[in-house]
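Open the structure in your viewer and follow along. Each stop says what to select and what is there.

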Amino acid sequence: MAIDEKEVVSRAIKGDGEAFAQLYEAYFDKIYRYLYLRLGEQAEVEDLAQEVFIKALEAIGSYRWRNLPFASWLFRIARNQMIDHLRKGGKVEKMPWDDNIAYVEGPNPALVAEQKLEIEELRDNIEKLSPAQRAVISLRFGGELSLTEVAKALGKSPGTVKALQHSGVAALKKMMLADR
Amino acid sequence: MTRKMKTEDILDKCLERLFKGESIEDCLRDYPWQASELEPLLRTSFALLQRSAAIRPDPEFKARVHSQLQGMLHAKREEAEKKAVVPVWRRRWAVAMTTVSVVLLAGIGAVAASANALPDEPLYAVKLAAEQIRVSLAFSEMDGAGLHIQFAERRAAEIAEMARQGKVDKIPALTEQVADHLGKVYEVKVRQEFEERMPKIILAPGPVPSPAIEANDYTQEEETEDKLRIMVGESRARSLSLLQAALAETPEESKSSLEQAIRDVTQDYDEALVNLES
């Protein structure tokens, strides 16, 4: 965690709205990406991303930064929310890709369509990984967490996370080659 | 740079460099003996990075949530200001007095009679209310955590009994309550540790605490974590034993619900233990 972020987090803990807004700006897209890679349905992902930040706002007063990096704490909330959601049977049937895809925009419709397909392909491939590989890959690439932050968020050792990252990327390599 | 490094270590180092904007070729140049194995992994990682980066939330939605959070923050501040007007001891006294009145009005007899009530019985609401009151009157955070562990175990016992009676419709809600109680234990742990440190972080105007004091604090925190872990671990064993024992006495058509509950409760306890370890 950067020194500046520590300072921002400390202010947010004390109820500083501007500091919380800074954390929101820094993490919202990452949380959204992480949830999208895991769930793949825009409305579902939006609901959960919103809930994650509401929970974070409610709980930030009790956040302790010494042992757990802020990013790990926040993604742990996201992961717990997602697990709760899945456990309660909240997973909705996947919609056709054109109604459901992540928000992508650009001047060239063909390029945008291609990008959407690539994202869907990635998500489908991540879905085929083992649960542990999927958790690591989506936090590392969707959440952009460091290896240590992923380890803390998942409660695993950095060595285990490193091995899962390697096997996950290798499995995705095979799938992406097969897709071509 | 050593040739003894494992591929997974090199991959991780290169990934960090890709995250910072370096190219695949930059990294391969530093590990020529590993390049043939590394290159396809890095190309896959790069594609992963690019595709993930293209996933973005709808800006309007993001702005809407932002406004909602600002509204909540505002309300939270107002509530805190209101609370600050009434001294803490008065608030606690008011809570205690209200609680005592409720207990007296509800009837001590009803509370006692509710002890063995099951979720489909009228006195069950009294049982839950009595539990809440006990938590609110707990003398310390550790006592509160102990009560939550005890109540998680009670829910497990209720799951076992409901399964024996073939009343499986209430089991999922009870399983969630086990998770809620165990989640509260983690919150208690975080809150307690945070409160222990807060006075030093915010108020300490004097000299920086000596390493000896820091080390002592650390030991106390570790001790709290250890105690909670032991309590949750013991409760896990008791709860799972109750649930497993109920399997033999559960009607055939209800067994799958109980088996699912056992899996869920096991996961809830395991997650709680992982959280308490971090």
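Helices (H or I, at least four residues) and strands (E, at least two) are DSSP runs, numbered from the N terminus. Select chain A and colour by secondary structure: the pattern along the sequence reads α-α-α-α-α-α-α-α-α. That comes to 9 helices and 0 strands.

This is a predicted model; local features need pLDDT of at least 70, side-chain atom pairs count only at pLDDT 80 or more, and totals for chains, interfaces and linings use all residues. Residues are numbered from 1 along each chain as written, chains are lettered from A and ligands numbered from 1 in written order, and side-chain values use heavy atoms, without hydrogens or water.

Stay with the whole chain. Of the 180 residues of chain A, 53% are buried (under 20% relative accessible area, 1.4 Å probe, protein chains only).

Next, select residues 131-142 of chain A, helix α7, and residues 147-154, helix α8. Two packed helices are described by the angle between their axes and the distance between the axes. Here the angle is about 130°, and the axes lie 10 Å apart.

Now show side chains. On α7(A), pick A:Ala135, A:Val136, A:Leu139 and A:Arg140; they meet A:Leu147, A:Val150, A:Ala153 and A:Leu154 on α8(A). Contact means heavy atoms within 4.5 Å. By class, this contact has 7 nonpolar, no polar and 1 charged residues. Ala, Val, Leu, Ile, Met, Phe, Trp, Tyr, Cys and Pro count as nonpolar, Asp, Glu, Lys and Arg as charged, the others, Gly among them, as polar.

Technical notes:
Axes are lines fitted to C-alpha atoms, for helices over the stretch in contact, and angles run from 0 to 180 degrees between N-to-C directions. Buried means under 20% relative accessible area, exposed over 50%, partly exposed in between (1.4 Å probe, protein chains only).
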